[in-house]
Amino acid sequence: MTAAIVATYNDVTTVKNVEDDLRATGIPMEEIRVDNDHFKVRVTIPDVTKAEVVEILERHRPLEVH
């Protein structure tokens, strides 16, 4: 099964840093969606890696994660 996680940040620089961290971890490019206008990152991943991805997203102090 897969999960979609969306995190919202304060600015586009943080969004870029999050995207870089996710890619460095090995998350495939096609599983990461970035919305620079609304400062959001959406990641679609298998349930087994959800905790790791949430930890990466929270490392950058999001306004919210859902």
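The structure is a predicted model, in which local features need pLDDT of at least 70, side-chain atom pairs count only at pLDDT 80 or more, and totals for chains, interfaces and linings use all residues. Residues are numbered from 1 along each chain as its sequence is written, and side-chain values use heavy atoms, with hydrogens and water left out. The model contains an open sheet of four strands in the order E2-E3-E1-E4, with antiparallel pairing.

**Sheet and strand pairing**

- Helices (H or I, at least four residues) and strands (E, at least two) are DSSP runs, numbered from the N terminus; two strands pair if DSSP finds at least two bridges between them.
- Strand E1 (residues 2-8) and strand E3 (residues 40-46) run antiparallel and are joined by seven bridges. Within this pairing, Val6 has Arg42 in E3 as its bridge partner.
- Strand E2 (residues 32-35) is joined to E3 by four bridges, again in antiparallel orientation. Here Asp35 is the bridge partner of Lys40 in E3.
- E1 and E4 are antiparallel and are joined by two bridges. Thr8 has Glu64 in E4 as its bridge partner.
- The sheet order is E2-E3-E1-E4. The edge strands are E2 and E4 (64-65), each of which pairs on one side only.
- In general, strands of a sheet pair through backbone hydrogen bonds, either parallel or antiparallel.

- The largest nonpolar core has 16 residues, of which Leu22, Val41, Val53 and Leu57 touch the most other members. The elements that give two or more residues to this core are E1, helix H1 (12-25), E3 and helix H2 (50-59).
- A nonpolar core is a set of buried Ala, Val, Leu, Ile, Met, Phe, Trp, Tyr and Cys residues joined through side-chain atoms within 4.5 Å. Buried means under 20% relative accessible area, exposed over 50%, and partly exposed in between (1.4 Å probe, protein chains only).
- Leu57 touches Ile5, Ala7, Tyr9, Val18, Leu22, Val41 and Pro62, leaving aside residues up to four places away in sequence. Contact means heavy atoms within 4.5 Å.
- Thr14 lies in helix H1 and counts as buried at 17% relative accessibility. With residues up to four places away in sequence not counted, Thr14 touches Tyr9 and His60.
- In soluble globular proteins, nonpolar side chains tend to be buried together.

**Salt bridges**

- The count comes to three salt bridges, a salt bridge being a side-chain nitrogen of Lys or Arg within 4 Å of a carboxyl oxygen of Asp or Glu.
- Lys16 forms a salt bridge with Asp20, the closest N and O atoms being 3.0 Å apart. Because they are four residues apart in helix H1, Lys16 and Asp20 are separated by about one helical turn. Lys16 is partly exposed at 41% relative accessibility, and Asp20 is partly exposed at 35%.
- Glu19 and Arg23 meet through their side chains in a salt bridge (2.8 Å, N to O). Both lie in helix H1, four residues apart, about one turn of the helix. Glu19 is buried, with a relative accessible area of 13%, whereas Arg23 is partly exposed at 33%.
- Glu55 and Arg59 form a salt bridge (2.7 Å, N to O). They are four residues apart in helix H2 and therefore separated by about one helical turn. Glu55 is partly exposed at 39% relative accessibility, and Arg59 is partly exposed at 48%.

**Positive phi angles in loops**

- Most residues other than glycine have a negative phi.
- E2 and E3 form a hairpin with four residues between them. Phe39, in the loop between these strands, has a positive phi of about 55° although it is not a glycine. Phe39 is partly exposed, with a relative accessible area of 29%.
- Arg61, in the loop between H2 and E4, is not a glycine but has a positive phi of about 50°. Arg61 is exposed, with a relative accessible area of 71%.
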